[in-house]
Amino acid sequence: MATSKGKIAIGLCVTGLLMTVFGIVLMFVGPTVVNQQVVKNVQINPNNELSYTMWRDIPVPFFMSIYFFDVLNPEEILMGEKPMVQQRGPYVYREFRQKTNITFHSNNTVSYREYRKYHFFRNMSVGNESDEVTQPNMLALGAAVMMEDQPDWMKIIMTITFNQLNVKPFLKLRVEDLLWGYDDPLVDFLNKWFPGTIPFSGKFGLFADFNNSNTGLFTVHTGADDIRKVHMVDSWNGLKKVSYWNSDQCNMINGTAGQMWPPFMTPESTLPFYSPDACRSMELVYEKPGEVSRIPVYRFIAPKTLFANGTVYPPNEGFCPCRESGIQNVSTCRYSSPTFISSPHFYNADPVLLQTVDGLSPNEEEHGLFIDIHPMTGIPMNCSIRLQLSLYIKKVSGISLTANIAPVVLPMIWFAESGYIDGPVLTTFYNNLVLIPFILKFLQYMLPVVGILLLVISLILGLYDKKEHSLWIAPSRFFLETVGRDK
C-alpha cells in the first residue's frame with residue numbers, strides 16, 4: 001500500500017511539473033502563435049480561403065434600406081410656407097457586391113473594381129416599388145439655384161424652357177422611378193444647351209448610377225509586408241488625393257475602402273475609410289465594447305464633428321462653403337448641384353435645421369451610424385451606415401418655377417447600408433478566430449494552476465507515505481529488539 005501511494009505521488013509530481021512547465025511556456029508562446037495565425041488569415045491572399053472569400057465576394061447578407069421624405073404641402077411651399085414631410089419606408093434592397101479585375105502587384109498591393117447590384121425585397125419593405133412619393137424636382141430646382149448668379153437672359157431662357165417642357169417644381173413618382181430612373185425632357189435640354197451640367201443622358205434617378213456599376217479602381221495594401229497597412233487604400237482611380245475640396249487635409253484619401261480594417265485594435269484605434277459616394281474620407285471613433293453572436297466587438301460611431309462646419313470644427317473648413325453645422329455641401333463633387341449629405345433627420349446637426357422643416361425626429365438608435373468590429377481581426381460583425389441626401393431650394397429671381405420658396409435645406413431621402421455575418425461563415429469565423437484563441441488562452445492559465453495543484457497533492461501523498469512508513473518501521477524494530485533480549 002505504501003509503495004502504491006509512493007508511485008501515485010511520483011506520477012502526480014511528474015504530471016504536475018509537466019503541466020506547469022507547458023502552461024508557463026504557453027503563456028509566452030501562445031499569444032505569439034495566435035497573433036501569427038491572425039496575421040496569416042487577414043492578409044489579402046488567395047491562399048487564405050476564409051478572409052479572402054469574405055473580402056472578394058462579401059458572402060454575408062447586405063441590405064440597403066431606403067426612406068423617402070414624402071412632401072405633404074408642395075403648393076404651400078411655393079407660397080413660402082414651411083415644408084411638411086412624412087417619412088415613407090423602408091424600401092429594402094438586397095445588395096450584392098463582387099470584386100473583379102483583381103490584380104496583385106509586386107509592391108504588396110492589389111487593384112480591383114467592385115460591382116454592385118440591387119434586388120428589391122418586398123417582404124422586408126413597407127410597400128411596393130409602385131408606391132408613389134412626392135419629392136422636389138431635383139433637376140429643375142437644383143438647376144434654378146445653380147443659375148442664381150447667371151445673367152438674366154439665361155434665366156429667361158430657362159424659364160421659357162421650363163414652361164415649354166411643362167416642368168413642375170414637385171413631382172409625384174413611383175419609388176422605382178425615383179431611385180433607378182425616369183424619362184425627363186429636361187435632361188436632353190440641359191445636355192444640349194448646358195453641356196457638362198449633368199454627368200448622364202437618358203433617364204434620371206437618385207441612384208441611377210448605383211445599380212450594375214462599380215465604385216472606381218481601388219488599389220489597397222495586402223498586408224504581406226506590414227499587417228498594419230492591410231486594406232489601407234494606396235490609390236483610387238490612380239489618385240493619391242481628390243480635388244473636390246479646398247484643403248489638402250480634406251482632399252486626402254485616408255483609411256480603407258470601408259469593408260475591413262487592420263487587426264489588433266484597441267479603444268484608442270479609429271476606423272478611417274474613403275467613400276467614393278461621399279467624395280471624401282471619413283473616420284469613426286470608439287464608443288464601447290460589446291458582443292455579437294458570442295464574438296467580442298468594439299463599436300465605432302460617427303463623431304459629432306463628422307459633418308460639422310468649419311466654424312464648429314476648423315479642420316472641416318476645407319469642405320466649405322458651409323451652411324449650418326451638421327450638413328456637408330457636396331455640390332463640388334455633384335456637378336455644382338446644391339445637395340447636402342448628413343445624418344438622417346439632421347441627427348447631430350444644428351437644431352435650426354429642424355425648425356425649417358416639419359416632420360423630423362432625430363434619435364441615435366434609428367439615425368446613428370455604427371460599425372461593430374472584431375478588434376483582433378479588424379473584420380466587421382455588424383454595421384449600419386446611415387446617410388441622408390438633401391436639396392437646397394429657394395426662390396431665384398427671374399425663374400418663375402421657384403415661385404416664393406423660402407430658403408430651406410429640404411431632406412429627400414436617407415438610406416442605411418447594413419450587413420452582418422451569419423450562417424456557415426459565422427461558424428467558421430468563430431471556430432478559427434475566436435474559439436481556438438480562447439482555448440489557448442484558457443490553457444495557458446489553467447495548466448499551471450492544475451499543475452501546481454497536482455504538485456501539492458503529490459507532496460501531501462509523499463509526506464503521508466513517509467509518515468505511514470515510519471509508523472510501520474518503529475513497531476518492527478521494538479519487536480526485534482525485545483526478542484533479542486529474551487534470548
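Tutor: Happy to! Let's take strand S6, residues 213-221, which is mostly covered, with seven of its nine residues buried. Keep in mind as you look that this is a predicted model.

Now for the partners of this strand. Strand S3 (residues 109-120) runs antiparallel to S6, and seven bridges join the two. To find your place in that pairing, look for Arg113, whose bridge partner in S6 is Leu217. S6 is also joined to strand S7 (residues 233-236), again in antiparallel fashion, through three bridges. A handy landmark here is Val220, which stands opposite Val233 in S7. As a general point while you look along these pairings, side chains in a regular strand alternate between the two faces of the sheet.

Together with Phe68, Phe207 has the most contacts inside the largest nonpolar core, which has 123 residues. Strand S14 (residues 379-393) supplies the largest share of this core, nine residues. If you set aside neighbours within four places in sequence, the contacts of Phe207 are Met64, Ile66, Leu179, Trp180, Ile413 and Phe415.

One last stop is helix H2, residues 49-57, where the buried residues include Leu50, Tyr52 and Trp55. Ser51 and Met54 are buried in H2 as well. Just after this helix comes a backbone detail to check on your screen: Ile58 takes a positive phi of about 45 degrees.

Definitions and conventions:
Residues numbered from 1 in each chain as written. Predicted model: local features only at pLDDT ≥ 70, side-chain atom pairs only at ≥ 80, totals over all residues. Heavy atoms only, no water. Core = buried A, V, L, I, M, F, W, Y, C linked by side-chain atoms within 4.5 Å. Buried < 20%, exposed > 50% of the residue type's maximum accessible area, 1.4 Å probe, protein only. Helix = DSSP H or I, 4+ residues; strand = E, 2+ residues; numbered from the N terminus. Contact = heavy atoms within 4.5 Å. Pairing = 2+ DSSP bridges.
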